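Here's a quick briefing on charged pairs and helix packing. Take a look at the model first, then we'll go through it.

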Amino acid sequence: MMKPLKELTRPNIWNLAAYSSARNEYSGKVARVFLDANENPYNAPFNRYPDPLQQEVKQLVSRIKGVPVENIFLGNGSDEAIDLPYRCFTTPGVDNVVAMDPTYGMYKVCADINDVEYRTVALDDHFDIQAERILAACDVHTKLIWLCSPNNPTGNNLNRDEIEKVITQFQGLVIVDEAYSDFSKQRPFRTEILKYPNLIVLNTMSKAWGCAAIRMGMAFASQEIIDLFNKVKYPYNVNELTQQQAKKALEDPYEVDKWVKILLQERSKLMEAFQLLPDCEEVYPSDANFFLAKMKDAQATYDYLVDEGIIVRNRTKITLCHNCLRITIGTKTENSELLSALRKRG
């Protein structure tokens with residue numbers, strides 16, 4: 001059972017008096033003349049500070065993701081949503097977090113920045129977790145557990161039952177990163193945040209939504225946790241240009257559905273083609289918009305593709321990924337160029 005949130009939160013954060021921006025102070029009122037924030041009255045609309053809580057964007061996110069507005073945090077990419085749990089809940093030099101290995105590298109980067117011990121538990125031979133091993137790595141100073149499903153770089157969904165065991169048995173906070181969930185058939189955990197008060201679920205506009213350039217990430221959690229994030233974040237953390245582009249994208253979810261369908265079809269074709277390449281030893285199952293392929297010599301293949309002007313990700317130095325390349329699914333033309341280059345190599 002989860003400890004009380006106050007007990008998990010750093011005392012200085014729990015007692016923090018958040019910065020009150022000019023735009024927060026008249027919330028709920030209709031205003032015509034803005035003389036409160038020392039803005040330049042010219043060069044509309046870029047002269048005004050953006051909505052600090054991104055309410056219009058959250059309304060759209062809520063409708064599409066099925067999560068109440070009060071349970072949504074929007075940040076400067078998923079990076080901000082990854083960093084905030086460290087800043088809110090971990091004491092530097094004292095606490096630790098536990099994560100699976102291999103997984104997304106920013107969890108460790110943020111741990112190192114915040115001077116928090118980062119403990120890893122290796123995935124099994126099927127790139128999956130065992131709840132008992134994850135929980136065994138925890139102690140009284142473990143505040144966070146990081147899980148990524150579908151996982152990066154392995155591409156597979158984690159066993160949902162094992163994730164639930166971790167959530168229900170851990171006394172701290174469990175963060176499930178679902179950046180690639182739009183490409184997966186597994187039921188997303190964002191629908192479970194009201195059931196599990198210690199659950200934080202991450203999502204992003206960068207993958208299925210094709211908006212990596214605008215840098216907007218999402219976190220779904222209890223209102224108490226979201227309120228803490230909003231206290232700690234910078235006042236105007238999501239700029240107006242990002243909010244406008246996010247609204248434009250979110251207003252047309254059917255276009256995203258079309259992209260996802262095409263990418264899943266291309267994923268199947270590309271994975272099947274890779275299995276026939278002489279240099280490919282194994283193609284691992286994927287629930288994301290990429291897959292992991294074990295090559296005879298990943299470095300040599302990577303170097304060859306770079307010379308051909310084709311960039312993939314060499315993951316050979318990552319735990320359990322020796323001689324593996326991570327291949328992102330591109331357009332039909334891009335995928336054909338990749339296969340043509342590899343077939344030409346022989």
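Is arginine 215 buried, partly exposed or exposed? Arginine 215 comes out partly exposed, with a relative accessible area of 31%; buried means under 20% relative accessible area, exposed over 50%, and partly exposed is in between (1.4 Å probe, protein chains only). A heads-up on the source: this is a predicted model, where local features need pLDDT of at least 70, side-chain atom pairs count only at pLDDT 80 or more, and totals for chains, interfaces and linings use all residues. Residues are numbered from 1 along each chain as its sequence is written, and side-chain values use heavy atoms, with hydrogens and water left out.

**Salt bridges**

- Searching the whole structure turns up 17 salt bridges, each being a side-chain nitrogen of Lys or Arg within 4 Å of a carboxyl oxygen of Asp or Glu.
- One of them joins the side chains of arginine 215 and aspartate 79, at 3.8 Å from N to O.
- That pair ties together distant parts of the chain, 136 residues apart: arginine 215 sits in the loop between strand 6 (199–204) and strand 7 (216–220), and aspartate 79 in helix 5 (residues 77–89).
- Helices (H or I, at least four residues) and strands (E, at least two) are DSSP runs, numbered from the N terminus.
- Aspartate 79 is partly exposed too, at 29% relative accessibility.
- Aspartate 112 and lysine 108 also pair up, at 2.9 Å from N to O.
- Those two are four residues apart in helix 6 (residues 106–113), so about one helical turn separates them.
- Aspartate 112 is partly exposed at 47% relative accessibility, and lysine 108 is partly exposed with a relative accessible area of 39%.
- Glutamate 117 bridges to arginine 119, with the closest N and O atoms 3.0 Å apart; glutamate 117 is partly exposed at 41%.
- Arg160, Glu164, Arg187 and Glu192 form a linked network of salt bridges.

**Helix packing**

- Helix 11 (residues 253–275) packs against helix 13 (residues 332–345) at about 0 degrees, with the axes 11 Å apart.
- Axes here are lines fitted to C-alpha atoms, for helices over the stretch in contact, and angles run from 0 to 180 degrees between N-to-C directions.
- The two helices are therefore roughly parallel (angles under 35 degrees; over 145 is roughly antiparallel, 65 to 115 roughly perpendicular and the rest oblique).
- On the helix 11 side, Glu266, Leu270, Ala273 and Phe274 meet Lys332, Asn335, Leu338, Leu339, Leu342 and Arg343 of helix 13, with contact meaning heavy atoms within 4.5 Å.
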